[in-house]
Amino acid sequence: MKIPFSPEQASTIAGSIDAIYLYIVAVTIFFTALIYGLVAVFAVQYRRKSPDEVPGAIHGHNGLEITWTVIPLIISMTMFIWGTVVFFHYARPPKDAQEIFVVGKQWMWKIQHPSGKREINELHVPINKPVRLKMTSEDVLHSFYIPAFRVKMDVIPGRYSSLWFEATRLGSYHLFCTEYCGTQHSGMIGKVHVLSQEDYQKWLETGSAANTPVPVSGQELFKTLNCATCHNSGSGALGPNLNGIYGKPVQLADGSTVTADDKYIRRSILKPADQVVAGYAALMPSYQGQVNEEQIMQLIEYIKGLKETSAPAPASATEV
Amino acid sequence: MNSSGKKTNYLNASHTLSSWFLTVDHKRIAILYLITISIFFFIGGLFAALIRLELLTPAGDLFKSDEYNKLFTLHGIVMIFFFLIPSVPAVLGNFLIPIMIGAKDLAFPRINLLSWYIYVIGATLATLAIMVGGVDTGWTFYTPYSTVYSNGAVALTIVGAFITGFSSILTGLNFLVTIHKMRAPGMTWFRLPLFVWAHYATSLIMVLATPVLASALFLLFLERVFHIGIFNPALGGDPVLFQHLFWFYSHPAVYIMILPSMGVMSELFAAFSRKRIFGYEFVACSSLAIAILGFFVWGHHMFVSGQSMYAGMVFSVLSFLVAIPSAVKAFNWSATLYKGSISYETPMLYAFGFIGLFTIGGLTGLFLSTMAVDVHVHDTYFVVAHFHYIMVGGVLMGYLGGLHYWWPKITGRLYPEAWAKLSALLVFVGFNLTFFPQFLLGYMGMPRRYHMYPEEFQVLNVCSSLGASVLGIGYFLPLVYFLWSLKFGKESPANPWGAKGLEWEIQSPPTTHNFDEIPVVTEEAYAYAKEDGKHHG
């Protein structure tokens, strides 16, 4: 169903958001008509008939006060509940969602698919498959907005935010930056192309010789930055072993425990002294300025893929 | 006494410049505010006109992007900090609160004058910032753009806004003490005109919320000028923290703007229906409910900022709750008309206009409180339309309605009624033509603060720009006929509307001390009818 003055519904969630929208539109029209009607009818009916007319006083009516407090309250709570249920669905990406990496910077969107394929200000996605965007910014706040999918999420420097959708309609749709980000804010736009799953695969493979899968890029970085000098599974290693660490609790030197998630790994690369693992000295230098946001994402993907059983990871590791 | 039999009034009591610039008379200070905020209103309006001109076409052909970004930033800063926030309280509140409660002045007349000077200093600094290159952060000053990346005169602007905040705090404090301590004998709390109740609630917010803005701007200043890491993640700061601090003030600030206009509405509906306000106590207490709940909804500006979805849920439900007292007011005003004696002078036309625009503005807030819908319309033109319906539709209709209603009292002159009716009509029609299309643009997905936009949005943008030119004429007319009336308007009697209230019992314009003797109040507000009708619930 296409509502007038609305973008196409091209994602699984678009229909449910439009349904709530229409419900609130109906409530808005009803109450607007009610108030306009009351004011118009009373204003005409009780217009002043003589200059010295003084009507009787009416103090109020508690029953009416309760009525027009409780009824709007109940109606608004239905909006709250419906809107919250749909929002919670939207806020929790499905486990099997395919991840795509997005880095915003003044004034472009840099996008990388797990296979390593990159694009700028364009996003190709497969139809009928949940896709999760993992996003961060190199500079200021941005916001990733696809009207046809009814999804939007701020893109924040120093943090990962995520947004997911499942496209349901082939075609090309607007991509906008909706958080004011400076001079070319209104030029930070692009297109989202929804392809059939076969076409998406084909698209991924074009020029694939030049593409390095994201975890492999991470592995190469791990090598060139000499991470494995300290982070290996050998006894007496100067840094904690990273095999199988992702998603697990980590005991810190200050006694607290933290989960080894994206945020933790990112912080450990950029500000290693902030969260030192128990049993290790704070030897690691900061890599701030040596790795960019895309490279940090690649490193995280590599570490994510390290299995507990992985071979000891000196520079020769090849598993992904 | 002069030739017309009136006593010397506050306007002709003295004519020297120092008698104006050093005055401690709340009425003269109100006039000083009226002149200064009017200047800023037309400056802010000029920026708006240039924005609407640029948006006539999808391409960025009239201004460069940087210039456009400065225009919408300056429009926001000037209109919000230097016009809307002071508008009704500093002009009408200042003039009327002492008179309405039967006092000779505010509790602290010198602090009242100081408030105006602080406002002028803050506004001058901000004007200076405009002249040395402007500022392009948006009125929201989001970090880290404002602290690191913007090339504009950010520091100077926030110093201006910071200083202006103290004007607001002092005015709020002055009103609170005045309303508590200076009421005439017999003027009990529930005999206060609802205009005074609304200003009481507003003053609470001014005093409690403005310091938070001041601290947020101060921290912003520290980071911008001294590179102390507070909001910039590269320095270990948190950019989202700024949004929390900013909206902790700036959402309640919306109520600082709208509550006084709601107070004006209550006066207008009572006066032009010749009836007490239906459910007076509910209207009075709903102002307090709005002021209190308004402090706990700031996170609804941040549903897609990465804040916890559970925090979002709490902010969402509270945002629905804060809508209820506004609905209660709208219903009570409508019910006041029932069996009234309704006349259609200009102030009442503005009151009808207020109800018309505020209803739409309020109801469209429901879309934004609903998290799932807000995800789609956040930071689009839907939001722009919504807050203009409240802050321009609501606040400005109240301000203009009030200005017309009390103009004869303030100046002693009557304005030309036919022209005024025309202006009220133009404002209402022009406003809807300007801002209604923006709801549609927003749901279609047009982001706000866009210098250039895709072609499919052009038709509605042209409607909006056409509406803005009608609106502009509607706002310009009162400037002309109000000034005209100062010289050519008919002299006003003490009570041209046949309205109730202490301000209508003294001469127009009032004497410097308002009352020769402090009045003794023996009846409730709006006691038009001698006997009570038999309709009490």
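Trainee: What share of the 320 residues of chain A counts as buried?

Mentor: A residue is buried if 20 or more other C-beta atoms, placed from the backbone, lie within 10 Å of its own; it is exposed at 12 or fewer, and partly exposed in between. This is a predicted model, in which local features need pLDDT of at least 70, side-chain atom pairs count only at pLDDT 80 or more, and totals for chains, interfaces and linings use all residues. Residues are numbered from 1 along each chain as its sequence is written, while chains are lettered from A and ligands numbered from 1 in the order in which they are written. For chain A, the buried share of the 320 residues is 37%.

Trainee: What is the radius of gyration of chain A?

Mentor: The radius is taken over C-alpha atoms, and the globule rule is 2.2 Å times the number of residues to the power 0.38. The C-alpha atoms of chain A fill a box of roughly 100 × 50 × 40 Å along the principal axes. A compact globule of 320 residues would have a radius near 20 Å, whereas the value for chain A is 28 Å.

Trainee: How many helices and strands does chain A have?

Mentor: Helices (H or I, at least four residues) and strands (E, at least two) are DSSP runs, numbered from the N terminus. By this count, chain A has 6 helices and 12 strands.

Trainee: Which element gives the largest share of the side of chain A that touches chain B?

Mentor: The contact takes 75 residues from chain A and 77 residues from chain B. Elements that give two or more residues on the side of chain A include α1 (14–45), α2 (62–91) and β6 (142–146). The largest share, 19 residues, comes from α2(A).

Trainee: How compact is chain B, which has 16 helices and 0 strands?

Mentor: The globule rule gives 24 Å for 537 residues, and chain B has a radius of gyration of 23 Å, close to that value. Of these 537 residues, 61% count as buried. Chain B is therefore as compact as a globular protein of that length.

Trainee: Why does Leu92(B) count as buried, and with which residues is Leu92(B) in contact beyond its neighbours within four places in sequence?

Mentor: Leu92(B) lies in helix α4 (residues 87–100) of chain B. It counts as buried because it has 27 C-beta neighbours inside 10 Å. Leaving aside neighbours within four places in sequence, Leu92(B) is in contact with Val264(B), Gly402(B) and Trp406(B).

Technical notes. Two residues are in contact if their C-beta atoms, placed from the backbone, lie within 7 Å.
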